[in-house]
Amino acid sequence: MRKRRGYLEDLPSLLNLDSLVDIISNNVGILVILAVFMAMFSLLEKNEQTSSKDQPNENIEKIKIPWSHVSQKNSLLFLLRDDRLLHLDRALVYQRLKKYLSGKEPLPKHINLDQYSIELTTGSGHAHCLEFLPTPGAGQWWHKISRYDGLMQRLMKKYPSEENYFFFWVDPQSFDLFREIRKSLWEQRFEVGWKPVRMESTLRYCSGNDHARSFQPQ
């Protein structure tokens, strides 16, 4: 009995209790650290999902860059000066010239119309140039010409966007109005071209492919 008791009394000394405590402490510490990280990750993921649901989808605004390009469409010419819009109707000019095509009378060099006049220059074949000379204060205010029964609505119905585009000569005082008009035409699927001009600028349209490059839609 004494020998057995002595063996049991010496048993604690045989076991390295300090090492056992260290192993247990390390394992418990690692588990605690893992639990903390898992809790943090789950909290972050929850916050991201909540914030993504709370935030509305941002509207993406598309910006159209007006690059000029060659087109086979017919151009409708306008002058925008002092916030007044004047339609320079080439079809009306050609109607006036139609009666001279028989050759009995020479083509006139000058034609007077309602709010502008025309200087006609002819070349070989069918080549020609039309120089538009607006009268002072010619044109209409945009709020009148854009009404449901106004000139702009009638032109859009008469000349479809698949075959025609709008071209504007614009003076520096009318840039803001031109951007408004262009936006309105873009919404109706019309292409728009333009050129800045001053009071002394010549408003000339000539036939031929070379000159047509100056009247390109965007």
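The following is a working conversation about a predicted model of a single chain.

User: What are we looking at, and how many helices and strands does the chain have?

Analyst: This is a predicted model, and the chain has eight helices and nine strands.

User: How much of the chain is buried?

Analyst: Of the 218 residues in the chain, 29% are buried. The accessible surface is about 16,300 Å², and carbon and sulfur atoms account for 54% of that surface.

User: What share of the contacts join residues at least 24 apart?

Analyst: Counting contacts between residues at least 6 apart in sequence, the share is 65%.

User: Turning to the sheets: in which order do the strands of the five-stranded one run?

Analyst: The order is β6-β2-β1-β7-β8; the sheet is open and its pairing is mixed. Its edge strands are β6, residues 140-141, and β8, residues 192-196, each of which pairs on one side only.

User: Which helix packs on that sheet?

Analyst: Helix α7, residues 175-187, packs there and touches β1, β2, β7 and β8. The direction of α7 makes about 170° with that of β8.

User: And β1 with β2: parallel or antiparallel?

Analyst: Strands β1 (residues 74-81) and β2 (residues 84-88) run antiparallel and are joined by five bridges. L79 stands opposite L86 in β2.

User: What about the sheet of four strands; what is its order?

Analyst: That open sheet has the order β3-β4-β5-β9, with antiparallel pairing. Its edges are β3 (110-112) and β9 (203-206), each pairing on one side only. From one strand to the next, the twist averages 20°.

User: How many bridges are there between β3 and β4?

Analyst: Three bridges pair β3 with β4, residues 116-122, in the antiparallel sense. H110 stands opposite E119 in β4.

User: Which helix packs on this one?

Analyst: Helix α4, residues 90-98, packs on the sheet and touches β3, β4, β5 and β9. The direction of α4 makes about 115° with that of β5.

User: Which residues of α4 are buried?

Analyst: R90, V93 and L97 are buried in α4. Seen down the axis of α4, the buried residues fall within an arc of 60°, so they line one face of the helix. On the other side of α4, Q95 and K98 are exposed.

User: Which strands do the buried residues of α4 pack against?

Analyst: They pack against β1, β2, β3, β4, β5 and β9. This list includes β1 and β2, which belong to the five-stranded sheet, as well as strands of the four-stranded sheet.

User: What caps the N-terminal end of α4?

Analyst: D89 does: one of its side-chain oxygens lies 3.0 Å from the backbone nitrogen of A91.

User: Changing topic to H128: where is this residue placed?

Analyst: H128 lies in strand β5, which spans residues 128-134.

User: Is H128 buried or exposed, and why?

Analyst: H128 is buried because its relative accessible area is 18%, and buried means under 20%.

User: What does the side chain of H128 make a polar contact with?

Analyst: The partner is the side chain of Y94, at 2.9 Å.

User: Which other residues does H128 touch?

Analyst: Leaving aside residues up to four places away in sequence, H128 touches L120, T121, T122, Y205, C206 and S207, along with Y94.

How values were computed. Residues are numbered from 1 along each chain as its sequence is written. This is a predicted model: local features need pLDDT of at least 70, side-chain atom pairs count only at pLDDT 80 or more; totals for chains, interfaces and linings use all residues. Side-chain values use heavy atoms; hydrogens and water are left out. Two strands pair if DSSP finds at least two bridges between them. Helices (H or I, at least four residues) and strands (E, at least two) are DSSP runs, numbered from the N terminus. Contact means heavy atoms within 4.5 Å. Axes are lines fitted to C-alpha atoms, for helices over the stretch in contact, and angles run from 0 to 180 degrees between N-to-C directions. Buried means under 20% relative accessible area, exposed over 50%, partly exposed in between (1.4 Å probe, protein chains only). The arc is that of the directions from the helix axis to the C-beta atoms. A polar contact is a pair of N or O atoms within 3.5 Å; within protein, one must be able to donate a hydrogen and the other to accept it, and residues adjacent in sequence count only if both atoms are side-chain atoms. Accessible areas come from the Shrake-Rupley method with a 1.4 Å probe; for residues, only the protein chains shown count as cover.
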